[in-house]
Amino acid sequence: MDPSLPPLAELQSMLFDACRAGDDAAVGALVRAGADIEGRNAQGHTPLVLASYNGHAGTTALLLDLGAAPDGQADRAGNTALMGVAFKGYLPIAQLLIARGADVNARNGAGQTALMTAALFGHAAIIELLRGHGADPALTDAMGNTARSIAAAQGNVVVAALLD
């Protein structure tokens, strides 16, 4: 490693900050300098999860171009980047992640999928996208809930109907 660069732990921290901020120039430079594109911060989030969750489509695309795995290392709860954008309702980023190979039926530690997350928060456009790419509405989480039962429990009949 170049002795003029900060220590690797500092580079990694800087990468996490750059991903949260959507600073593409810094992200590229930090990855080229040796920061781990699949590294995790103290909360267990990867650079891809941080960029996508914070709504930075360009940074998400850049990380994928630089070699980040679309499902990457899930966070400590087992949530992937796609699950995070399903929570937030970021349709363009969900489209990007799916186009780059994200697993629409990946499960977190509680057995929940991105479809279940989108159903919980009523993100109909994300549900339609996920369904169009093979998301299985019949999957159940560890408590036996399906995406439809989650939407129904929220009183969201419109979203529940999308999951029939």
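How many helices and strands are there in the protein? There are 10 helices and zero strands, where helices (H or I, at least four residues) and strands (E, at least two) are DSSP runs, numbered from the N terminus. Welcome to a predicted model, in which local features need pLDDT of at least 70, side-chain atom pairs count only at pLDDT 80 or more, and totals for chains, interfaces and linings use all residues. Residues are numbered from 1 along each chain as its sequence is written, and side-chain values use heavy atoms, with hydrogens and water left out.

**Overall form**

- From the N terminus on, the elements run α-α-α-α-α-α-α-α-α-α.
- The C-alpha trace spans about 60 × 25 × 20 Å along its principal axes.

- Of the 164 residues, 43% are buried, meaning under 20% relative accessible area (1.4 Å probe, protein chains only).
- Among contacts (heavy atoms within 4.5 Å) with a separation of 6 or more, 66% come from residues 24 or more positions apart.
- The mean positions of the 9 positive and 15 negative charges lie 5 Å apart; Lys and Arg count as positive and Asp and Glu as negative, while His and the chain ends are not counted. The place of a charge is taken as NZ of Lys, CZ of Arg, CG of Asp or CD of Glu.

**Helix H7**

- Helix H7 (residues 114-121) has six of its eight residues buried, so it is largely enclosed by the rest of the structure.
- Those buried residues are Ala114, Leu115, Met116, Thr117, Ala118 and Ala119.
- Their cover includes H5, helix H8 (124-132), helix H9 (147-153) and helix H10 (157-162).
- Just after H7, Gly122 has a positive phi of about 70°.

**Two buried loop residues**

- Thr80 sits in the loop between helix H4 (57-65) and helix H5 (81-88), and counts as buried because its relative accessibility is 6%.
- Leaving aside neighbours within four places in sequence, Thr80 contacts Val49, Asp71, Ala74 and Ala106.
- Asn108 belongs to the loop between helix H6 (91-99) and H7, and is buried with a relative accessible area of 11%.
- Not counting residues up to four places away in sequence, Asn108 touches Ala77, Gly78, Asn79 and Met83.
- Asn108 and Ala74 are 34 residues apart along the chain, with their C-alpha atoms separated by 7.9 Å.

Methods. Buried < 20%, exposed > 50% of the residue type's maximum accessible area, 1.4 Å probe, protein only.
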